[in-house]
Amino acid sequence: MRKCSYLLAFIILMTPFSVRAATQMPETAEYCGNCHRAIEEGWKESVHSQAMESRLFQDALQMANSDLGPHARRVCLGCHAPTIAVTGDFALIRKVTWEGITCDYCHSIRSVDMTGPNPKAVVEYSNVKEGPWKGLSSPAHGTAYSPVHTSSVLCATCHQYRNSQGFPVLTTYSEWQKGPYPAQHKGCQSCHMYRVEGEVVDPRVKRTSDAGINLHQMPGSHSLTQLNKAIRGQLSVTHDGNQLHVEVSVANQGAGHMVPTGSPLRKLILQVSAFPFGGKPVRQERVFTRVVADQQGKVLNREDLVFIRAAKVVSDTRLAPGETRKEIFNFKVPQGVRSTVEADFYYYYSPSAATKAQQEVKFLSFSRFVQ
């Protein structure tokens, strides 16, 4: 009984939202898309829309429930299905639950409480929808300008998380705070929700004079474009005696947070290969990641265990915002032997992914020929 009471208190403490007395239930994205079609179509391609349906998340949810009980499962749903706070749909029946981080949830956030161990979104579902634009009106619902929706603090509610051990599992928001972007007035939305062409309201419903919307695809680490914006590399190769001397310059030039960020199981992998003519290929790699362990020092390599049991950092080799690092590789290759050297960058998502294609993606590659 004491254990159950403790877990219930833990759930209340760690839930990333609080809900005011609701006047209505959250609407589905499909309902919002009747008028905001272009925005809905973009959102459908986002990882926010797939937060519940993701096979990786579903596997982690099942493992959390099996290993740690239904209370731990509810902690996971706090960010991946936040409308549950008002619907109580822990049986996962409602359509809006399966929409993950859906329209009505984000546009019903009134403020963010930063006073506790974790940021909490203060949510009020009503006929007034809040957003980053001033002076808008709608025939379907009330509108209100929200400074929160122009601030990175909005994202902190799910991208900054400290578990019951007091360990900061997700630190993307605090990484951004420590980096150069706040002084440059560049928030999360600057990179992940920049302005694109599109109609806020479908022209068949209402004509608007200003055609432009914030990108609701919210591209991140699953976008090759974003990865190539974030990481820059440079390869140089020299033949010194019987060795190939390889230098790779790696820079985090485009991300306002560490790379990789998010789950500690993510990795940036630099793989360097030498292909001597007539000889066997040789390969070395560098891994940029944050390795975490439980209280006993056991390294964790499962998503559910990382979020619930992580207690200490074993190592952290990630790239900070604006950081450039030079990596050195040496391969034994006789002088005069022609060789091709390749440097490939991979973004590795999780060991729990079912296939290699889901597990990692190659996004940047260089090659040099040396004799």
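**View 1. Glycine 241 takes a positive phi near 65° in the hairpin of β10 and β11, which has 2 residues between the strands.** This is a predicted model: local features need pLDDT of at least 70, side-chain atom pairs count only at pLDDT 80 or more, and totals for chains, interfaces and linings use all residues. Residues are numbered from 1 along each chain as its sequence is written, and side-chain values use heavy atoms, with hydrogens and water left out. Strands are DSSP runs (E, at least two residues), helices likewise (H or I, at least four), numbered from the N terminus. β10 and β11 run antiparallel and are joined by 10 bridges. Serine 236 has glutamate 247 in β11 as its bridge partner.

**View 2. An open sheet of 5 strands has the order β14-β13-β12-β16-β17.** Its pairing is antiparallel; two strands pair if DSSP finds at least two bridges between them. β14 (312-316) and β17 are the edge strands, each pairing on one side only. From one strand to the next, the twist averages 15°.

**View 3. Strand β13 (residues 282-293) and β14 run antiparallel.** They are joined by 4 bridges. Arginine 290 has aspartate 316 in β14 as its bridge partner.

**View 4. The largest nonpolar core has 29 residues.** Such a core is a set of buried Ala, Val, Leu, Ile, Met, Phe, Trp, Tyr and Cys residues joined through side-chain atoms within 4.5 Å, where buried means under 20% relative accessible area (1.4 Å probe, protein chains only). Ile231, Val246, Val248, Leu270, Val272 and Phe345 touch the most other members. Elements giving two or more residues include α12 (224-230), β12 (267-276) and β16 (339-348). A second, separate core of 15 residues includes Ala51 and Tyr181.

Methods
Buried means under 20% relative accessible area, exposed over 50%, partly exposed in between (1.4 Å probe, protein chains only). Axes are lines fitted to C-alpha atoms, for helices over the stretch in contact, and angles run from 0 to 180 degrees between N-to-C directions.
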